[in-house]
Amino acid sequence: MTSHTLSHAPTTTASLSKRLAAATLACLLGGGLVFLAGFSHIDALHNAAHDTRHSEGFPCH
Amino acid sequence: MFKRIFFTAGFAGLLAALVLSLFQILWITPLLLQAETYEVASESMVEPHEHAPGAPAHHHDAEAWAPADGWERTLSTLGGNLVVAVGFSLMLAGLFTLRQPNRAWQGVLWGIAGYLTFCLAPSLGLPPELPGTAAADLTLRQGWWIGTAAATAASLALLVFTRHWALRLVALVLLVLPHIIGAPQPAEHSSLAPESLQSHFRLAALISNAAFWIALGWLSAWFYTRDTAENN
């Protein structure tokens, strides 16, 4: 029973600062991807993701 | 921890992108193509072409690559959907490291929050629009859109995760502030496509995105918590 409980420990022991860093990095990276496809002013990227931008309701033209 | 985030974002993003793509192919894209016929008609009448009155003059760079209509455009849009879906899922999985869902269905709540943040709140000021619709300067609109999404996200986080009345007051202010400031609007509203097509498109976009976000939230939580029972 004890060992079973202990085996669950690693998920909860990652320090808060580490988790905060991971969350921040993931949000920045995710935001970067969304920005690239949805908001970039580079013409080729705009053209490629044009229909995605319109369907997602991102400002497009 | 990162492996888990990337694993979640990759699989959940891929599957949710397929959900969005299905809605697009069956519902949204036909409306976009219909709207483009009005745009093309207006372009061929005026040389050099003019957009609807009030529409910002955007130049067409002849050198820029654009996917040809047909499978190339469809594939290109699928790619765009995938990048956006993986991006949003990365954000969700990152936040899950701070507030882990206990069950996959709790991801649906996260998905609803994402929908409110990234679709419904910005659409109150800047509704999804068909090509050929008059609009204010693109950069201004993008700035308002991003600001509104950020304020709504912060507001929802405060409303859900805090109890203090002062913080909740801040949350309410953040929720309404972008709409009091107001989205950048064109000098004159006009559209090449008829109003019925516009409202049909708005409905299609809002419903498709609701399905997309619920799927993305649920799938992200499912993949994120998948291994917790046996492995960790």
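Analyst: Let us look closely at one helix, H2 of chain B. Keep in mind that this is a predicted model.

Start with its length. Helix H2 of chain B covers residues 71–96, which makes 26 residues.

Next, its surroundings. Is H2(B) mostly covered or mostly open? It is mostly covered: 19 of its 26 residues are buried. A residue counts as buried here if 20 or more other C-beta atoms lie within 10 Å of its own.

What touches it? One partner is chain A. The contact between the chains takes 46 residues from chain B and 32 residues from chain A. On the chain B side, five helices each supply at least two residues: H1 (2–45), H2, H3 (106–125), H4 (138–161) and H6 (195–225). H2(B) gives the most, with 15 residues. By class, this side of chain B has 27 nonpolar, 17 polar and two charged residues.

Now the partner itself. Chain A has five helices and zero strands. Along the sequence its pattern reads α-α-α-α-α. Of its 61 residues, 38% are buried. An unreviewed UniProt entry lists residues 20–39 of chain A as a "transmembrane region". In the model that stretch is 95% helix and 0% strand, and its end C-alpha atoms are 26 Å apart.

Take residues 78–98 of chain B. They are 90% helix and 0% strand, with end C-alpha atoms 31 Å apart. Residues 144–161 of chain B are 100% helix and 0% strand, and their ends lie 25 Å apart, counted between C-alpha atoms.

Finally, look at two other helices from the chain B side of the contact. Two packed helices are described by the angle between their axes and the distance between the axes. H3(B) and H6(B) pack at an angle of about 145°, with axes 7 Å apart. The crossing is right-handed. Residues of H3(B) that take part include B:Trp110, B:Gly111 and B:Tyr115. Those from H6(B) include B:Trp213, B:Gly217 and B:Trp218. The residues of this contact divide into 13 nonpolar, eight polar and no charged.

How values were computed: Residues are numbered from 1 along each chain as its sequence is written. Chains are lettered from A and ligands numbered from 1 in the order in which they are written. This is a predicted model: local features need pLDDT of at least 70, side-chain atom pairs count only at pLDDT 80 or more; totals for chains, interfaces and linings use all residues. Helices (H or I, at least four residues) and strands (E, at least two) are DSSP runs, numbered from the N terminus. The expected span of a helix is 1.5 Å times one less than its number of residues. A residue is buried if 20 or more other C-beta atoms lie within 10 Å of its own, exposed if 12 or fewer, and partly exposed in between; C-beta atoms are placed from the backbone. Two residues are in contact if their C-beta atoms, placed from the backbone, lie within 7 Å. Ala, Val, Leu, Ile, Met, Phe, Trp, Tyr, Cys and Pro count as nonpolar, Asp, Glu, Lys and Arg as charged, and the others, Gly among them, as polar. UniProt positions are given in the numbering used here, feature names are shortened, and annotations may be inferred rather than shown by experiment. Axes are lines fitted to C-alpha atoms, for helices over the stretch in contact, and angles run from 0 to 180 degrees between N-to-C directions. A crossing is left-handed if the near helix is turned anticlockwise from the far one by less than a right angle, and right-handed if clockwise.
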